[in-house]
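Subject: Structure handover

Hello,

Here is the structure I promised to pass on.

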Amino acid sequence: MTPGQERALRELKRLEAIDQDVFEIVGTPEVNGPSLAAKISLRLGTMDSREGGLALMEREEFTLAIPPDFPFEYPSLKVSHDRFRGFPHVIWGRTLCLYQSKVEWNPADGLYGYFDRLRYWLGKAALNEMDPIERWLRLFGQVLSVHKWRLAACAYAAVGRVSRLSQYTRSGVCPSSAR
């Protein structure tokens, strides 16, 4: 386990200590390949929802994968069911896309900021207020989602125009040659 993953584990335990009924670590987190995997159960309670919004249960369970370079690299979050499949910003039916690019992640916030972001994401999803997959979500150097293909727009910020589109990489960063 890396120092960053140890930090994440301490943060998870602090979150659980606040109110185990609301935030619970299910089982023991384990190193799985390079990541630390932790199953988290969150009591969401009754959330406002609208037609077409994500149908959330009062308690939802997630699997958090904490990368070795945490907090400089943000975690990923998956569900073990197919209820979210087809909903905007759910990749491969089970992985929640909380951040459109690395620019949105603040390492100083750690898991506290990450779970605030999850709460925001779930609230927007329940109200059906997520940007549709077919729409460009951000311009000029931000990650885009077009017809389920991830693209990155590399921009000339000074002149405010897109120079080209390149296939989205895991990092979400444009190749330096495109700038």
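This is a predicted model: local features need pLDDT of at least 70, side-chain atom pairs count only at pLDDT 80 or more; totals for chains, interfaces and linings use all residues.

Pocket first. The second largest pocket has a volume of about 360 Å³. Its lining counts 15 residues. V22, F23, L42, F115 and R119 lie nearest the centre. Helix 2 gives the most, with six residues.

Next, the rings. The whole structure holds eight aromatic pairs. One of them joins F23 and F115, with ring centres 5.0 Å apart. Their planes stand at 90°, so this pair is edge-to-face. The pair links distant parts of the chain: F23 sits in strand 1 (residues 23-32) and F115 in helix 2, 92 residues apart. Both F23 and F115 are buried.

Y99 and W105 also pair. Their ring centres are 5.6 Å apart and their planes lie at 85°, so this pair is edge-to-face as well. Y99 and W105 are both buried. Ring pairs link F23, F70, Y74, Y99, W105, Y114 and F115 into a cluster.

Last, Q5, in helix 1. Is Q5 buried or exposed? Its relative accessibility is 2%, so Q5 counts as buried. Beyond its neighbours within four places in sequence, Q5 contacts P34, S35, L36, I66, P67 and P68.

Best wishes

Technical notes
Residues are numbered from 1 along each chain as its sequence is written. Side-chain values use heavy atoms; hydrogens and water are left out. On a 1 Å grid over the protein atoms alone, a cavity is a set of points where a 1.4 Å probe fits but cannot get out, and a pocket is an open set with protein on both sides within 12 Å along at least five of seven lines; lining residues have an atom within 4 Å of a point. Grid points are joined across faces, edges and corners, and a volume is the space filled by probe spheres set on the points. Helices (H or I, at least four residues) and strands (E, at least two) are DSSP runs, numbered from the N terminus. Buried means under 20% relative accessible area, exposed over 50%, partly exposed in between (1.4 Å probe, protein chains only). Contact means heavy atoms within 4.5 Å. Rings of Phe, Tyr and Trp (its six-membered ring) pair if their centres lie within 6.5 Å; planes under 30 degrees apart count as stacked, over 60 as edge-to-face and the rest as tilted.
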